[in-house]
Amino acid sequence: MMKKKFRLTDPGIFVWVLLVAIVIFSAVANPVFLRPRNLKNVFLIQPVGLGLASLGQAVIIISGGIDMSIGAAVSLLTSVAGGLYRDFPGVSVLTVFLIISAMGTVIGLLNGLLVVKLKIAPFMATLATMSVIQGGIFIYTKKTIGGIPKSFRFIAEGSVGPVPFCFLYLAVIFALVLILMNRSRYGRHLYAVGANEWVASITGIAVDRVKLSAYLIGGLLTGLASVFLAGRMGGGGPLVGKGYELDTITAVVIGGVSLAGGDGNIAGAIGGVLILSIFSNLMNLLDVNPYIQMLLKGLILITAVFFYAAKTAKAKGQEA
Amino acid sequence: MAARKKLNVWFTMLERLKRGAVSPGLYAALLALIVAALVMQAVTGVSFFTMSNMLNVARNFSMLGFVALGQTLVIMSGGLDLSVVAVISTGNILAASLINGNDALVFPVLLFTIVVGAAIGTVNGLLVTKRGVPPFIATLGVSIVVNGLRLIATGGIPKGNVPELLKEMGTGSFLGLPWMVIIFVIVAIFFYILLAKSSYGRRLRVTGSNPEVAVLSGINKDRVIITAYLICGALGAGAGVFLAGYTGIADNWAGNEFDINSIAAAVLGGAAIGGGSGSVQGTVIGSIILLLITNLAILAHLPIQSQMMVKGLVIILALGFFGRGKK
Amino acid sequence: MKKGLSLILITLLMLSLGAAVFAGGQQDAAGKDEFVIGWSNAGMGDSWRQFLKANFEAEVAANPEIVKYYISDANERPEKQIADIDDLLAKGVDGLIIYPTVGDAIIPAVERAYESGIPVIVFGGSINTDSLTCLVTQDLYEFGRSQAKWLAEELGGKGKIIMLSGIAGNTTAEERLAGAREVFDANPGIEVLDHQYCDWSAAKTKTIVEAMLNAFPEIDGIWADSGLMSWPALQAFEEAGRKLVPSTGDQLNGYAKYVSEKNVPAYLYPMSTRLSAEAVKVLVAAMKGETVDKKVAASFEGMGPEAIKKFVKPELSDWWWVGDDQMPAEFLPRL
Amino acid sequence: MMNNENILLEFMNIDKQFPGVKALDDVSMSFRFGEVHALVGENGAGKSTLMKILSGVYQPSGGEIVYKGEKLKLQNPHHAQMQGISIIFQEFSLINTLDVVENVFLNREPKTSFGLFDKKKAAGMTKKLLETIGIDIDITAKIKNLSVIEQQTVEIIKALSIDADIIIMDEPSAALSDKELSKLFDIIMKLKADGKTVIYISHMLEEVFSIADRVTVLKDGRVMATEEVCDLDKDKLVSLMVGREISDIYPPRSANVGDVVLEAGDLASGKLKNVNLTLKKGEILGVAGIAGSGRTALVETLLGIERKMSGTVSLSGREVDFKNIRQAIDSGFCYIPSDRKNQGIIAPESIVVNTTITNLDNYVVRGLINRKAEEEVTKNQIELLGTKVASIDQRIEDLSGGNQQKVLLSRALLMEPEIYIINEPTRGIDVGAKHEIYKIMRDLTSRGKSIIMVSSELPEIIGMSDRILVMNQGEAAGILDQSVKTYTEEEILSLAVGHEYRLPAGGCDDEEEV
């Protein structure tokens, strides 16, 4: 951790180089970027939802899996948050928070069991869960449920002094995940399982349990992201999370976490989220045609991965 | 001696079924579905086993089948192609805008479109082999870029008309059989031969299951893999053109959901994510199962929520309990 | 080889970014009677949105006070739209119009914009808040109701129909459906054989309708909330050798062409792209300090077979929007 | 002779059966407190299998282990570790993406008062352990960025960090330099002084005599003898190891060696320094050398798998330059790699597929495979080599090692090459199958084919080779022509390790009797 050869194309470093580059570019390209209000939006508020969900995705990817059900889960959980306030108007913020987090964890458990117990490839397993959850949402509601009160929206809109509360929310959770992944014994085990299951198992690591726990943590983080998003959107609906899974994977991969598992720093996921958030802001500031935005986004993704793919992916062949 | 030989024959047959391209579980699943349909027909009187329904299912199945076949090759090579949505939609738009109602242009444009699809596939393949970009990300990135380019080119408004000849190909029949089905059967037979009988199929299978042995056996691994992506792109683009014929409408998003459905069909059919196994028969059965589910759901008036849950559960059941393509 | 590829990629990226800057070139900030406005759009993925934009631009051009406008694209994602609204506010617009992705999922951002002191016009969708200057809307329940009423009348209050909706969970689709259901529930003579979501996809619609044709020997009418579904549905009827039946849809030219060519009764209820122009009008008024109504309910006429024949543009793209092309030619989407 | 209270661990009648091979047969032996116990034997004698049983990787098919006076049933490696039995595997068991400290303490991480991974403490402990063996490596480096020797050091540190009673070292010297080896010996002596038992697996006899107190010889899965090292001399040990007249297992050499077919001059690549060699028609050229000496690099450079940096390769006088193995194959080479599992067999595929993959084109008519021809050929091959299979559609992974190797040989034979390059032809194969494979090789040479055989089994090298090329640190240390005389293991080893290989005279003088 102390002395490392500084290599620009090292995934863990490249993401920050890319981030600095895009920040400098944005600052030069449009002075509005540097307005405090814009900076606050871009750095402290906009990355929170995707940030939390991407942390979960990163944990799962590091453990050697992938989660395609995040989008559906976000839709379900935000809908339920809205539904709780609709059906039980006086419900306390804490209760909603706990219910949503718990539900997220249960979804994670479901994914984990399919992967660990039924040994379905994670991509297919979580795809199946996605389908089931999406069906479940339509049983619950077909309409967007708004009307989440200000008290709950504090999570997304409130401030503590000059600092947005949601930033603190992300920061605290990020710190915890960072400690868990980089400083705890469990974190080492997770990396070991993702990198080489056999070696992990002969060291006595309970591989299945670790994998299952990764999905649990991923689910919990999706739940925590949904809490924020419910506050930010003031409600939820059957389609609001659509595409979130691909966004999180994009962020995580740009952040230098290897899709092969076992490699990459969880902090990179946040770097990746910031890049996406600044990119989106930059495009708005420069008023770029949406189709060109799309083209650029694809190019950024390919470019970022292009640079370090050879290092990260070849270790495990070219597995999906 | 003779008895022993006979025993050997039996053993070989048993071995072949067990080790065969298609898992017995898949046949069981298909059978179960058909029995369910029969029961449904007997109890509620829906017209499942009617000629026209069967032909409709078959025609829809052809469209998914084209894409799923390409996807099968890519999955067998150890990859995954998420760019099929973009490729299909692009094929669809190209068909209408270039042909613009002119029957004479149908085949040249079909050919051109397939070449474009193949080119996109080649880009996928190059990223995956030459640079080691994980297929998931390579094809995702390429698909975003292709979508962007298509929308820039069309300005969001598809132009041109689908010509009668193409409509006839998409919707018409020959001797009672839809053209699409005839074309698909020809393509499927070609791919069956390619996968099961040709040296390319053998090499693809070997490359997917053990790239190192492939290289040491003198197989040009990169070329084999790139070819798989190329074929997938070509088939996707072709499917896009036929889709235009089927609907008579050029649609910027004609390919929606084909990525997930084609992957599901191939994986249900025994293609293992990670490479090595997979077959045309399996993928065909996988596609049939997916379409039968949709068809049955509509015939039974199942609401959307049940349709989605059934689809998810079928994947879980098929892969979790009958699947051979476990990791 | 690798180096070359990397170089090409970087150059491509840099060029595109450069082009982006160039394309988005800066303009001076607005003076007193000059306004900079922002439009937070939901998405740009289809031709309807192009017409929406064309109508917007035509109206902006008709109001010289507007010296500059920005459009953001939320890619159909509410969370992105919330960020977009914040970005537009950060850029310092004098007025904002919003086409909501999911109305009720962007309420906080709308309120935030309104509370920042600028006029905020939401148009095109519904939203459940009072913290806005004006809601320029088309009643989507009425959309479905009107279609259903016509169909019921056309069938003489008696018949078996199928219902085809857009994307499940999509506000527009669900409100149109609810409106239509109201009418059919009130008409005991109308039997709804089945309802399915077809995702505004021609291919999916055709597949579903083909199955329905097999399940139901008698179908007398099609209620579809969009021409993009009634059109392929009718094609399925035709191919199955069944009699073409009355259907409903929106003002998609391809659908209009088909029904007028086949001479089959149809009813187009416009989901008008002129709403964006309405929104700009209201916004300009509000920015000038005029009082505006909290709600402007734009109403549009449904088009029966006669009107369709009048408005249809057989020579133009299937993706043209019938009746929405009444703007100066230079603003019409290029073809 | 043995004192019971001195015994720490005892194997009692251990059997281990693999499909098609009996790897261990009634193995009984014991280990004392504080001894260095060498385990020797040819490859495939069962050393590794026995140690995998002791470390919980395998379960014995029969017999039992008595440890500290109690019966012990080891469930898995972790369980073994918890019992104080630590093993350093030959194939390293490290996590590539983690750093040194994290690997050493994987699943035994020291905790801070908050229950977190106390990396500082772990780093300190790792440093200290490294100091005790006097080797310096960057403990913050990820494993994937370390050299093989450094990785092995990490393995040793890892074993040391477990306060184990028994430390098993499976061929630890294979990748170490002399200097590092003497350090390793120092460590072993320290461990011994602390009362630890070290099980030292090696086929380097010199090492056995310099470090071990006792030695057990395994052969074909059986214990040949357990002896005090002092009671042994080298001849006796070798005869215990080989235990069979060479002529029994190795068929006689053919007499008709012809002209030079392959010649390499000053061949150099990443790991290879200016190697010259010739190969004659009908000849077996053995390539010997310790692990890491460039044996595999040599053949892979010849074949174009590894890029040649300089030098020439000519076939029957015509210079060639292979850019990949396909070109080599087309020029009449074939290659059977040593890592059968990863580089040889296509595990889930049938015997037919495995047999014909390399010369698939021969069964292809207009792009299609002639399945019948291919099956015919496969059947012929099976008959020819006496491969034991249930059916040609059987998966190759279900065959025993020897039969898998025969299939790979069939694959090579079908290419009808002039030059066979076989890396470790009999690794992990039981003795009966070995003999058959040797016969096939001899048969090939008598038909005028040439073979380059890389092997780490000296008896095999001696018994099979017409000439022996000995590699040492990427260079050809010498070529021994066996038509003149049959060389001894010592002579070969002397060349392989680069100095005179002599048995220590009084190996036991400075050692206490246990």
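**A tour of aromatic pairs and a helix packing**

Begin by selecting C:Tyr69, which is partly exposed, with a relative accessible area of 26%. Please note that the model is a predicted one.

Across all chains the structure holds 22 aromatic pairs. In one of them, the ring centres of C:Phe56 and C:Tyr69 lie 5.4 Å apart with the planes at 80°, so the pair is edge-to-face. The pair links distant parts of the chain, 13 residues apart: C:Phe56 belongs to helix H2 (residues 47-61) of chain C, and C:Tyr69 to strand E2 (residues 66-73) of chain C.

Now widen the view to C:Trp39, C:Trp48, C:Tyr99 and C:Phe123, which ring pairs link with C:Phe56 and C:Tyr69 into a cluster.

Move to chain D and select D:Phe185 and D:Tyr200, both of which are buried. Their rings form an edge-to-face pair, 6.1 Å centre to centre, with 65° between the planes. D:Phe185 sits in helix H6 (residues 178-193) of chain D and D:Tyr200 in strand E8 (residues 197-201) of chain D, so the pair ties together parts 15 residues apart in sequence.

Finally, turn to chain A and display helix H3 (residues 47-62) with helix H8 (residues 165-183), which pack at an angle of about 15° with their axes 9 Å apart. That angle makes H3(A) roughly parallel to H8(A). The crossing of H3(A) past H8(A) is left-handed. Residues making the contact include A:Leu52 and A:Leu55 of H3(A) and A:Phe167 and A:Ile173 of H8(A). By class, this contact has 14 nonpolar residues, one polar and no charged ones.

Conventions
Residues are numbered from 1 along each chain as its sequence is written. Chains are lettered from A and ligands numbered from 1 in the order in which they are written. This is a predicted model: local features need pLDDT of at least 70, side-chain atom pairs count only at pLDDT 80 or more; totals for chains, interfaces and linings use all residues. Side-chain values use heavy atoms; hydrogens and water are left out. Axes are lines fitted to C-alpha atoms, for helices over the stretch in contact, and angles run from 0 to 180 degrees between N-to-C directions. Helices (H or I, at least four residues) and strands (E, at least two) are DSSP runs, numbered from the N terminus. Angles under 35 degrees count as roughly parallel, over 145 as roughly antiparallel, 65 to 115 as roughly perpendicular and the rest as oblique. A crossing is left-handed if the near helix is turned anticlockwise from the far one by less than a right angle, and right-handed if clockwise. Contact means heavy atoms within 4.5 Å. Ala, Val, Leu, Ile, Met, Phe, Trp, Tyr, Cys and Pro count as nonpolar, Asp, Glu, Lys and Arg as charged, and the others, Gly among them, as polar. Rings of Phe, Tyr and Trp (its six-membered ring) pair if their centres lie within 6.5 Å; planes under 30 degrees apart count as stacked, over 60 as edge-to-face and the rest as tilted. Buried means under 20% relative accessible area, exposed over 50%, partly exposed in between (1.4 Å probe, protein chains only).
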